[in-house]
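Please look over the sequence and the structure below before reading on.

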Amino acid sequence: MGFKIGLLGLGTVGTGTAQILLSPQGRHPLIQELEIYRVGVRDISKTRDVDISLDILTTDLEAIATDSNKNILVELIGGLELARTLILKAIEHGKHIVTANKVVISRYGLEIFAAANEKGVYVMLEAAVGGGIPVIQPLKGSLGVNRIHSVIGIVNGTTNYILARMQQEGADLADVLADAQRLGYAEAYPSADVEGLDAKDQIAILASLAFSGLINLEDIHCGGIRQVTAADIAYTDKLDFVIKLLAIAKRDSNNTNSTIEQLQLRVHPALVPKNHPLASINDVYNAILVEGDPIRQVMFFGPGAGSGPTASAVVSDIMSIVAILKTETEPVPHPLPSYTHQHYCETAPITELVTRFYTRFMTKDILVS
Ligand code: HSE
């Protein structure tokens with residue numbers, strides 16, 4: 001065993017991560033070199049779906065973040081303040097970070113990456129966007145040469161699952177949401193999914209990478225799917241559209257008043273033509289369509305939530321760090337390109353958005369003679 005992993009959280013994604021790390025057979029050989037040495041949980045006595053020795057479980061999360069073990073801290077507890085504090089403490093103690101925490105990164109990315117740069121450690125977040133879909137590393141690396149025009153995603157599995165089932169079965173939102181929670185897709189507080197906040201955090205991270213600037217979360221217009229009814233779905237179906245919760249970041253070509261290039265940043269339900277590539281993304285799947293020059297269009301597609309898929313992204317980040325640690329003789333600050341932007345992107349006000357809208361009115365059917 002070579003590299004030590006401290007794991008914070010043994011919920012849906014933490015369990016999936018431990019399951020992968022504890023069954024290396026048939027996977028990349030590097031996984032055999034990883035050892036979970038400590039796992040921080042809220043309740044040690046809870047029954048779990050993974051065979052973790054009780055000896056390595058602890059409720060002292062801070063001890064894992066601050067112990068002298070220098071390898072990798074995997075933060076999967078979710079939430080905001082505690083996660084942020086533990087990440088910063090672990091960085092301070094020279095640990096590399098792997099996190100799935102979009103809430104923390106979209107709010108405190110600047111602080112966290114500044115601290116990591118100073119310490120010469122990596123912060124990896126593939127699992128924070130699009131669940132199991134590899135999109136962070138491609139945006140940072142393979143697509144980095146492109147001038148990105150737009151990033152449009154279905155990035156929330158819960159709402160996509162709900163909308164798809166409403167579309168397919170005429171089901172009600174509340175009934176399907178309960179299923180999404182049972183399947184482990186929805187956040188602990190599912191309003192973060194249903195009201196678009198989860199998608200908002202993710203598009204902030206994607207936009208920051210795509211447009212090389214910091215994103216102010218308050219600049220992102222956000223509307224969720226609570227207002228979408230079975231009637232809307234039935235009418236739009238007749239018009240050959242499907243309703244999807246889209247997270248959109250694009251260069252704004254409409255606003256001719258501004259001399260500074262602005263971005264449109266918005267999350268809301270949108271009518272998507274049935275022949276559009278995003279229209280056929282159903283259930284808990286996510287997809288992110290990136291348009292840029294010279295790549296034109298590339299779409300990333302895969303499971304956007306759930307234990308195994310999200311854990312796949314977590315472990316891929318652990319492997320990326322370990323692959324570098326194995327070859328490094330000197331610490332190289334961030335060979336894995338990171339969030340190091342210094343300026344905030346300009347956002348076009350939503351009130352100036354020029355686009356097409358779907359509206360539905362209730363009217364009295366009166367015959368005027
Ligand atoms: N609640 C999220 C989703 C899970 O539904 O996409 C992944 O973080």
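Predicted model: local features only at pLDDT ≥ 70, side-chain atom pairs only at ≥ 80, totals over all residues.

The protein itself is divided into domain 1, which covers 3-132 and 307-325, and domain 2, which covers 136-303 and 344-352.

- The side chain of Thr158 places a polar atom 2.6 Å from an oxygen atom of the ligand.
- Tyr185 contributes through its backbone, where an N or O atom lies 2.8 Å from a nitrogen atom of the ligand.
- The ligand would expose 260 Å² if it were taken alone, and the protein buries 89% of that area.

**How the two domains sit against each other**

- The C-alpha centres of domain 1 and domain 2 are 27 Å apart, and where the domains meet, 17 residues of domain 1 are in contact with 16 residues of domain 2.
- The size of an interface is often expressed as the accessible area that is lost when the parts come together.
- For domain 1 and domain 2 the area buried between them is about 1,400 Å², and 63% of it is on carbon and sulfur atoms.
- On the side of domain 1, Lys102, Ser106 and Val129 supply 38% of the area that this domain buries against domain 2, which is more than any other three residues supply.

**Polar and charged pairs between the domains**

- Seven residue pairs are in polar contact across the interface of domain 1 and domain 2, counting pairs in which both residues have pLDDT 80 or more.
- The number of salt bridges between domain 1 and domain 2 is two.
- Arg107 and Asp201 form a salt bridge in which the closest N and O atoms are 3.1 Å apart.

Note on methods:
Residues numbered from 1 in each chain as written. Heavy atoms only, no water. Polar contact = N/O pair within 3.5 Å; in protein donor to acceptor, adjacent residues only side chain to side chain. Areas by Shrake-Rupley, 256 points an atom, 1.4 Å probe, with all protein chains shown as cover. Domains from an automatic or database assignment. Contact = heavy atoms within 4.5 Å. Buried area = accessible area lost by both parts, 1.4 Å probe. Salt bridge = Lys/Arg side-chain N within 4 Å of Asp/Glu carboxyl O.
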